[in-house]
Amino acid sequence: MGCGCGKSKYADMGTGAAAETSSVAASAVGASKIKVHIGPLEVGADGMAVKPQFNLGIQGGSLYAMAGVRDVRDGIAAESLAMYMKSYSSSGTTLVELLENVKANEKVPALDDLVVAAPQIVAEVMSATGADIGAENVAEVEGAVYIYVGAGVTAGAYLGWLDTQGYRMIGVEGKVATAASMAITLKAGIHEEKQAVRVVSYLTNVGFDVIVKLKKPVDNGEKPSQ
């Protein structure tokens, strides 16, 4: 397992959940394409799209400067935020291993805090979603770890509806949650095909957005989408 800098690297995993992994991680990494947001319009190299959002700002590469309401299909969230971001794609057999792989390339003390918090984050996700993401049921964890500096405020609520990436995210953003005696924002959701769980968590200036691929599908009484 390893860490890649500057771009995401994901294999073809052969399921709907896996097909979404690349786009989820690319979003987390920020990708290299610049996008300009003007109200409901998103303008980039691939053209213009109209989305149920109202944002003003620019994002892409290492820059994120946005103000407004995000795409409501992905949750109820608003922000006024400007930051410079450095991102790393990584993978591992556990969340801790993924974080350790990034630590080998970037000596940031806050990464140690995430490593310490990882077991409690896993426990919180299992409790909130009902998904077994314990080490024995994890095939692989892959995604993006990001380190950033900037200023602003953000707030959001994720209520479990199906988002644009195929996940039913639950959790809060901008509201302090407690994990390992530290203030951590956490949201997570099961993919509609029950084979993967997305976990997003961050501290003040470091965070991650990962996909946990499962050996056994989630069994929570719901049938996977067809």
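Tutor: T94 is found in the loop between strand 5 (76-92) and helix 2. The model is a predicted one, and T94 has a relative accessible area of 29%. That value lies between the 20% below which a residue counts as buried and the 50% above which a residue counts as exposed, so T94 is partly exposed. Leaving aside neighbours within four places in sequence, T94 is in contact with A135 and V141. The C-alpha atoms of T94 and E136 are separated by 9.7 Å, and the two residues are 42 apart along the chain.

The axes of helix 2 (residues 95-103) and helix 3 (residues 109-129) come within 9 Å and cross at roughly 170°. Angles over 145 degrees count as roughly antiparallel, and helix 2 is therefore roughly antiparallel to helix 3. On the side of helix 2, the contact is made by L95, V96, L99, E100, V102 and K103. Helix 3 contributes L111, D112, L114, V115, A118 and V122. Sorted by class, this contact has 9 nonpolar and 3 charged residues, and no polar ones.

In soluble globular proteins, nonpolar side chains tend to be buried together. Here the largest nonpolar core has 33 residues, and L99 is among those with the most contacts inside it, along with V197, V199, F208 and V212. At least two residues of this core come from each of helix 2, helix 3, strand 6 (138-162), strand 9 (182-191), strand 10 (196-202) and strand 11 (206-214). Helix 3 gives the most, with 8 residues. A second, separate core has 15 residues, including Y64, M66, A77 and A196.

V197 gives a view of the largest core from another of its residues. Not counting residues up to four places away in sequence, V197 touches V125, A131, I133, Y167, G189, I190, V210, I211, V212 and L214.

K194 lies in the loop between strand 9 and strand 10. K194 is buried, with a relative accessible area of 6%, whereas T94 is partly exposed. The phi of K194 is near 70°, a positive value in a residue other than glycine.

For the setting, the protein comes to 3 helices and 11 strands. From the N terminus on, the elements run β-α-β-β-β-β-α-α-β-β-β-β-β-β. Buried residues make up 45% of the 226 residues. Among contacts with a separation of 6 or more, 56% are between residues 24 or more positions apart.

The average pLDDT is 79, and 78% of the residues score at least 70. Among the elements, strand 11 has the highest mean pLDDT (94) and strand 8 (residues 177-179) the lowest (40). Over residues 5-31 pLDDT stays under 50, and the model has 56 contacts beyond four places in sequence for them. Residues 175-182 also stay under 50, with 14 such contacts.

Conventions. Residues are numbered from 1 along each chain as its sequence is written. This is a predicted model: local features need pLDDT of at least 70, side-chain atom pairs count only at pLDDT 80 or more; totals for chains, interfaces and linings use all residues. Side-chain values use heavy atoms; hydrogens and water are left out. Axes are lines fitted to C-alpha atoms, for helices over the stretch in contact, and angles run from 0 to 180 degrees between N-to-C directions. Helices (H or I, at least four residues) and strands (E, at least two) are DSSP runs, numbered from the N terminus. Angles under 35 degrees count as roughly parallel, over 145 as roughly antiparallel, 65 to 115 as roughly perpendicular and the rest as oblique. Contact means heavy atoms within 4.5 Å. Ala, Val, Leu, Ile, Met, Phe, Trp, Tyr, Cys and Pro count as nonpolar, Asp, Glu, Lys and Arg as charged, and the others, Gly among them, as polar. A nonpolar core is a set of buried Ala, Val, Leu, Ile, Met, Phe, Trp, Tyr and Cys residues joined through side-chain atoms within 4.5 Å. Buried means under 20% relative accessible area, exposed over 50%, partly exposed in between (1.4 Å probe, protein chains only). pLDDT is the predictor's confidence in each residue, from 0 to 100.
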